Amino acid sequence: MSRAPYPLSPRGVIMDPMALIDTLGRPLRSLRVSVTDRCNLRCEYCMPEAEYVWLSRDDLLHFEEISRLVDVFIGLGVDKVRLTGGEPLLRRNLCQLVELLAEKPLKDLALTTNAILLEEFAEPLKRAGLRRLNISLDTLNPDRFVRLTRQHDHARVMRGIHAAARAFDGTKLDAVIMRGINDDELEPLLDFAASISAEVRFIEYMDVGGATRWSSETVVPRAEMLDRLRSRFGEVAALEEPGSTAPANRFILPDGRVFGIIASTTAPFCRDCDRARITADGMFYTCLYAADGLALRPFLRRGDPGDAIAGQIEARWLGRADRGAEERVEVRERSVFVPVSALRADPHLEMHKRGG
C-alpha cells in the first residue's frame with residue numbers, strides 16, 4: 001500500500017505517516033454518504049428541472065452495506081462521515097443507520113438536511129448518536145422560499161431548525177447566495193444564526209451538475225460578501241485555523257459573531273480537498289465535478305472481502321488528480337457545466353445523486 005512519505009498535508013496538518021494520499025498530496029479523511037437521491041424540495045440551484053430520473057429501491061445500498069463500506073474507508077484513513085442526499089431524512093429508518101455508524105471510531109458524524117422533517121427527527125437522531133447537523137437555509141422570507149424551492153414548507157423548515165437548536169450543539173446553517181434573489185439577506189441570516197447559537201456559512205453559487213440555470217452573473221463572490229459586511233459592521237477578521245481542511249473560510253465580526261464563506265466558485269480549495277463521496281447506489285466519486293465513478297455495489301453484493309474492496313478504493317484515490325472547481329475557474333467562457341441532455345443520459349452527474 002502506497003502511503004505518505006512526508007508528515008504534512010497541503011494545509012500543514014501533521015498527518016499519520018500511514019495516511020493514504022493522492023497525486024497532489026491530499027489525504028483521504030472525509031466521506032460523504034448519500035442515502036437517497038430523492039428530495040422534497042426543488043431548489044433553483046440544485047434541482048430546477050420539472051422531471052428527474054430516480055434510482056430504484058433495489059439499487060439503494062442497504063444500511064449494512066453502507067456500514068461495511070464505512071468500515072473499509074475507516075481502514076483507509078477516513079475519520080469524518082456526513083450523511084447526505086437528496087434529502088437524507090426521506091430514507092426510511094435512517095436512525096438505524098446512524099446507530100450503526102455512531103459505534104465506529106469517527107471524529108465526526110454529521111448529516112445535511114433541508115429541515116422539513118427535522119422537527120420530528122431531531123431528538124431521535126441525537127439519541128441514535130448523530131453529533132452534528134448542517135441545515136440548508138437560503139432565505140428567512142416565506143414567499144422567497146416558494147420561489148427558490150417551489151414548495152410551501154418554510155414554516156416546517158423553521159420549526160425543524162428550532163428543534164435542532166434544542167437538540168444539537170455546533171449546528172451550521174448553509175445559505176447559497178445568489179445575486180438578485182437572496183443576496184440582501186446576509187445580515188438577517190447572521191442575526192438568525194446567532195439567535196439559535198448556530199453558525200451560518202454563505203456559499204457561492206456553484207456550476208456543478210444539476211445547476212442547469214447557473215450563470216456567472218448570479219454568483220456573489222466571497223470578496224463582495226466581505227465588502228458588504230465590512231461596510232455594515234466595520235472590520236471583519238479572518239480566523240486563523242492552521243491545519244483545517246474544512247471547505248469554509250471562517251471570519252469574525254467586531255461583535256464576536258463567527259460565520260463562514262465557502263468560495264468554491266471564485267476561490268476553490270481543491271488543493272486541500274480530502275473528501276470522497278458515495279452515492280445511494282454505491283458509486284464512489286473523488287470529486288463533486290468528476291465525470292466518472294467506481295461502482296462499489298457489485299463488490300458488496302457478490303461478497304468480496306473488505307481488503308479487496310479497499311484495494312479498489314485505494315487505487316482510485318492514489319491516482320486522484322481531481323481539481324474540478326479550479327479547472328472551472330480557468331474556463332474563459334464559463335456557462336452551465338453539464339447540460340440537461342447529458343444529465344438525463346447519466347443521472348449520476350446530478351449533485352443530488354452524489355451529495356453536495
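Me: What makes the radius of gyration of the protein chain agree or disagree with that of a compact globule?

Reply: The radius of gyration is taken over C-alpha atoms, and the globule rule is 2.2 Å times the number of residues to the power 0.38. With 356 residues the rule gives a value near 21 Å, and the protein chain has 20 Å, so the two agree. Along the principal axes, the C-alpha atoms fill a box of roughly 55 × 45 × 45 Å.

Me: What kind of model is this, and what limits apply?

Reply: The model is predicted; local features need pLDDT of at least 70, side-chain atom pairs count only at pLDDT 80 or more, and totals for chains, interfaces and linings use all residues. Residues are numbered from 1 along each chain as its sequence is written, and side-chain values use heavy atoms, with hydrogens and water left out.

Me: Why is alanine 115 called buried?

Reply: Buried means under 20% relative accessible area, exposed means over 50%, and partly exposed is in between (1.4 Å probe, protein chains only). Alanine 115 has 0%, so it is buried. In the protein chain as a whole, 57% of the 356 residues count as buried.

Me: What is noted about phi in alanine 115?

Reply: Alanine 115 has a positive phi of about 80° although it is not a glycine. Most residues other than glycine have a negative phi. Arginine 150 also has a positive phi, near 65°. The loop that holds alanine 115 runs between strand S3 (108-113) and helix H3 (118-128).

Me: How do you know that the peptide bond from glycine 85 to glycine 86 is cis or trans?

Reply: Omega is near 10° there, and the bond is cis. Most peptide bonds are trans. Glycine 86 sits in the loop between strand S2 (80-84) and helix H2 (94-102).

Me: What makes a set of residues a nonpolar core?

Reply: The set consists of buried Ala, Val, Leu, Ile, Met, Phe, Trp, Tyr and Cys residues joined through side-chain atoms within 4.5 Å. The largest such core has 108 residues, and Phe202 and Phe259 have the most contacts inside it. Helix H1 (residues 63-75) gives the most to this core, with 7 residues.

How values were computed:
Helices (H or I, at least four residues) and strands (E, at least two) are DSSP runs, numbered from the N terminus.
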